[in-house]
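Thank you for making the time this morning.

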Amino acid sequence: MPDNACAGVDVGGTFTDVVVHGLGRPRAVKVPTTPENPADGVRNGILAAAPESDLRVLSHGSTTATNAVLERNIARTVLVTTAGFRDVLRIARQDRPALYDLTATRPEHLVADDAVVTVRERVDARGEEIVPLDDAEVERVVAEVRALEPESIAVSLLFSYAREDHERRLCAALERLGVPITRSSALLPEFREYERASTCVLNAAVAPVMEKYLRELANRIPGPSISIMTSSGGTTSIEYASTAPVHTLLSGPAAGVVAAGATGEAAGHPDAIAFDMGGTSTDVCLIRDGVPEVSTSSQIAGLPFKTPAVGIHTVGAGGGSIAWIDAGGALRVGPQSAGAVPGPACYGRGGTRPTVTDAHCALGHLAPERALGGELHLDVSRAHRALESLPGSAGGAHGVLSVVRATMARALRRVSTERGVSPSGLALIAYGGAGPLHATALARELGCSVVVVPPAPGVLSAVGLLLAPPRYEASRTVMVDAREDLSAQWVELRTEARQELQKQGVDGPLVLSRVVDARYARQSHELRISVPEDEDLASLLHEAHRKAYGYAMPEEPVRVVTMRVVAQGDPVLHLPPKDWDQGPVEDKPDREIGVDGQLVRAQVISRAALRHGDEITGPALIEQSDTTTLLAPGDKAVVDEFGNLVVRCHG
């Protein structure tokens, strides 16, 4: 067997997707996720795709930390913070989740009010000690924390990013309690006390859960070298992910966006929008020059975290989204979902409420004779009955699709036009089980230049795991004028980033890039800016500010708030796999379908029959095991050398 076999494994709520490369043609396998122990599903998928002894590398996208937060399956966590800041998590930023909603409530934070221990100590924003931390205070804190019987501890002192010795002393003393400890000055040495404390607590709360899962994973699959996908679009070692699991909160969606960027670049469209529509939600992300945008301000379940994460915007619009009538008599679709069970009405599993999938089924977009998931056959009559429960004014199946597409179009504009980026210069990379059914309609509405559907859109996140490079971002808040000499700080950050990846076992050359968070002196929020060598920081901010807001203020002093160095190693794969095994070629009869309120006769094509250079003109349905691509009348699709469907949309 080849010694370069590798696997990408993405664990979803319903299915665990496995893509294997290096054993002949690329292989894709879907197996049921095993929620009670996701490692079992991972092992089952690998055994179904290839013997585990043949694998050299396993790159894994994990939802363990995400689900732990969403389901509140977390460790009993104690927060240790500076005296006077006991309520830092509760006070937050004093903003309202919904400005005009009198019943809006904040999400419950992860630390109980009586599980916060305060410390008599203080340093200022420059790192100068104001209140010393004495040994007696350290012992008092240890005793108070011990009495709370924590399963995990978060230590986040005020201004510890400027001076970390107080946190170090406390953590050293707390180690005798024998539970995981998260130190904020190591995890996130950046300013803004609320966001840093929230990030620190999120990490501490899921650390025991993640450590247990990853240990189980390593025991179940002992052969390959295992790496874990992070929210930033890179991978990290299993050891680092165990101690800093907050970096994995957007693991799965980030992998899909990485693959979308590589797909667009391979197809000749490096500027694009990733469009991932699944059963419950839709994720979108802007991609420039083949690289997804990275943000340092994200949320999960309303709780902020400031670790690097791809800039994904999510809306509650998926195949299982339920259509309903609001109090004003208007048709709405989502965010409620029928889920996998009972699922859409056409699944025949007890669902009776109309969904987006029922609309597609009723319009003939989904073939009843096709077996979904290997065993599920669609019931068209149930789909029609569910849609008939809506009033005639709703517009039936066409109305449902129009409304859900309006929701997704708003999300796509959120990451494009609302940021000053014209969709006319962007490709729409469509993936997920439902994405290719809606992509051409959305591209026409937004004015996108082209739609690209990869050869295996239903498992693209698993593909992204093999395309993601090992990545580490070293950061430090500095709060200095842009004219100051920052060479010493750059050297320190480069050294830290390089050493961390080397410690994780990353061999070979590293690509090091510089980034700053900068703003004008009298502003309160920053822009993230790439900094090439020998470039003037002030000029870079002026240009970034002009692109973001339409104007610059060159007379204003520029502040460098946070400096960053991003180190990246070589990914497992540099290009998306091609020559996929799409299964047997099937002859499919034409059928009548509904498109844009009209009935048309569409050709039905098996994707397995398509080869490089083939052209298809709509109306057409291109069917494959994991999705269906819908082409409206006049749409023209061409198969490129990577097996992508590149669609130019009519109108």
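Let me begin with the side chain of H247, which makes a polar contact with the side chain of Y240 at 3.5 Å, where a polar contact is a pair of N or O atoms within 3.5 Å, one able to donate a hydrogen and the other to accept it within protein, and residues adjacent in sequence count only if both atoms are side-chain atoms. Please keep in mind that this is a predicted model, in which local features need pLDDT of at least 70 and side-chain atom pairs count only at pLDDT 80 or more, while totals for chains, interfaces and linings use all residues. Residues are numbered from 1 along each chain as its sequence is written, and side-chain values use heavy atoms, with hydrogens and water left out.

H247 counts as buried because its relative accessibility is 13%, buried meaning under 20% relative accessible area, exposed over 50% and partly exposed in between, with a 1.4 Å probe and protein chains only.

Turning to the rings, the structure holds 2 aromatic pairs, and rings of Phe, Tyr and Trp (its six-membered ring) pair if their centres lie within 6.5 Å, with planes under 30 degrees apart counted as stacked, over 60 as edge-to-face and the rest as tilted. F159 and Y161 form an edge-to-face pair, because their ring centres are 6.2 Å apart and their planes stand at 75 degrees. Of these, F159 is partly exposed at 23% relative accessibility, whereas Y161 is buried at 12%.
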